[in-house]
Amino acid sequence: MLSVAVIGAGVIGLPTALAIQEELGPKAEVIIFTDKLSPHTTGDVSAGLWSPYLLQNTPVQQLTKWSKATQDYILKLWKNGDAKTTGISLQLIMALSNKKDYKAPEWLKISLGHSEFTQDRLKYYSQRYGEEFTGGYAFVGFIWEPVRFLPYLEKKFKDRGGQIRMGRVENFAELSHFDVVVNCSGLGARSLVPDPGVRPIRGQIARVRAPWQKHTFMLDTEPGNYVISNEDCVIVGGTHQEDDFNTGIYDNDRDHILTGCRKYLPSLAKAQVIRDQAGLRPGRDQVRLEIEERRIGEKVMKIVHNYGHGGSGVTLSIGCALDAARLVKEAAGLAGQSKL
Ligand SMILES: Cc1cc2nc3c(=O)[nH]c(=O)nc-3n(C[C@H](O)[C@H](O)[C@H](O)COP(=O)(O)OP(=O)(O)OC[C@H]3O[C@@H](n4cnc5c(N)ncnc54)[C@H](O)[C@@H]3O)c2cc1C
């Protein structure tokens, strides 16, 4: 029996643990070690928009491949009629930019259908909002709500025989008896690895009641407001404050969010605020997805890292999970073999 420990049960850890079960079959024992579960992970703050964002130097080919794999997975669930149980909705998503060097993002071409705004359309939005927009686009895409899909994935993992142990892992040596350890600790990697390149990018949002609001709207640049519809609420955002570890609520951020979003969608003016939330995106120069061999005493531990997904963890989740599972197989010396 091959033993695999996965650290973390967020939008990266749970899909990775499931992908390992899938890749290695029933003779692999997969155990998750985590100090938080849904609804207390970073993903539980997010609206779950499929849209690559804040990823700095992660190569665009990787980004596109991972995002596409996630979209394919969501599309399959959606086609199977599992949208309700797994928190999926298909929406029109529009984005406007005021960047001087605006260029439509590469990943747009893998979306389920898109169009870029014409100069006439940009002029119309610029006049309407009193700003100068330089570019923008609309696409058909998925919202995949972590508050709904994380419990679904957790159940699926346990139903396949996976175990979850609650508690903080202070160092990898505690898990040196496992054949492979997979690190999906998000911002936790900063102290666990330790990797000082992992830094928080704080995001504050508000959940409001506005069932009439059906499409998603985002500003591609400053002031960065966005409005994303979920099943029971609408998420209005947002902020991205680097190196801020505070998960409490700032009143001035709340004002920025509510005033900003109401400017673009005035119908939100009387929407009741249900909840304010803040979370810390695990920022990094690039996503880290690779095998590390680490000497712990006499033993060389095989560690597969899968962290640093910034503001795109939901979007990259499945693509990175599939690659991480392949790396686990490689680390265990089983590459090229079918299920155990
Ligand atoms: C406001 C906001 C909006 C967002 N919107 C979107 C969006 O629309 N679309 C999108 O794609 N992304 C979005 N994101 C980004 C996304 O939420 C993150 O990229 C993602 O949640 C990161 O997932 P993770 O599993 O790596 O980290 P986390 O969710 O932080 O999970 C880390 C896990 O590891 C565990 N852990 C950490 N250290 C240890 C340790 N030492 N021992 C034991 N357990 C440990 C934790 O308990 C947790 O279970 C948003 C983020 C924020 C804050």
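**Close-ups of a predicted model**

**View 1. S8 and S11 pair up in the antiparallel sense, over three bridges.** Two strands count as paired here if DSSP finds at least two bridges between them, and the labels follow DSSP runs numbered from the N terminus: helices are H or I runs of at least four residues, strands are E runs of at least two. Opposite Val 234 in S11 stands Val 208. This is a predicted model: local features need pLDDT of at least 70 and side-chain atom pairs count only at pLDDT 80 or more, while totals for chains, interfaces and linings use all residues. Residues are numbered from 1 along each chain as its sequence is written, and side-chain values use heavy atoms, with hydrogens and water left out.

**View 2. S10 and S11 form a hairpin, joined through four residues.** Strand S10 (residues 226–229) pairs with S11 in the antiparallel sense over four bridges, and Val 227 has Val 236 as its bridge partner in S11. Which way do the residues of S11 point? From this strand (residues 234–237), Val 234 and Val 236 go one way, Ile 235 and Gly 237 go the other, and all are buried. Buried means under 20% relative accessible area, exposed means over 50%, and partly exposed is in between (1.4 Å probe, protein chains only). In a regular strand, side chains alternate between the two faces of the sheet.

**View 3. Six strands make an open sheet with mixed pairing, in the order S6-S2-S1-S7-S15-S14.** Strand S6 (163–166) and strand S14 (288–296) sit at the edges with a single partner strand each, so one side of each has no neighbour in the sheet. From one strand to the next, the twist averages 25°; axes are lines fitted to C-alpha atoms (for helices, over the stretch in contact), with angles from 0 to 180 degrees between N-to-C directions. Further in, strand S1 (residues 2–7) and S2 pair in the parallel sense over six bridges, with Glu 29 in S2 as the bridge partner of Ser 3.

**View 4. The ligand has 37 residues around it, and Asp 35, Thr 42, Val 169, Gly 310 and Thr 315 come nearest.** A residue is near a molecule or strand if one of its heavy atoms lies within 4 Å of it. Strand S2 (28–34), strand S8 (199–209), strand S13 (272–283) and helix H8 (313–331) each supply at least two residues of the shell. By type, the shell divides into 13 nonpolar, 20 polar and four charged residues; Ala, Val, Leu, Ile, Met, Phe, Trp, Tyr, Cys and Pro count as nonpolar, Asp, Glu, Lys and Arg as charged, and the others, Gly among them, as polar.

**View 5. Ser 97 is buried, at 0% relative accessibility.** Ser 97 has its place in strand S3 (residues 88–97), and its side chain reaches the backbone nitrogen of Lys 99 at 3.1 Å.

**View 6. Gln 56 is exposed, at 53% relative accessibility.** Gln 56 lies in the loop between S2 and helix H2 (60–79). Its C-alpha atom is separated by 9.1 Å from that of Val 287, 231 residues apart along the chain.

Technical notes. Polar contact = N/O pair within 3.5 Å; in protein donor to acceptor, adjacent residues only side chain to side chain.
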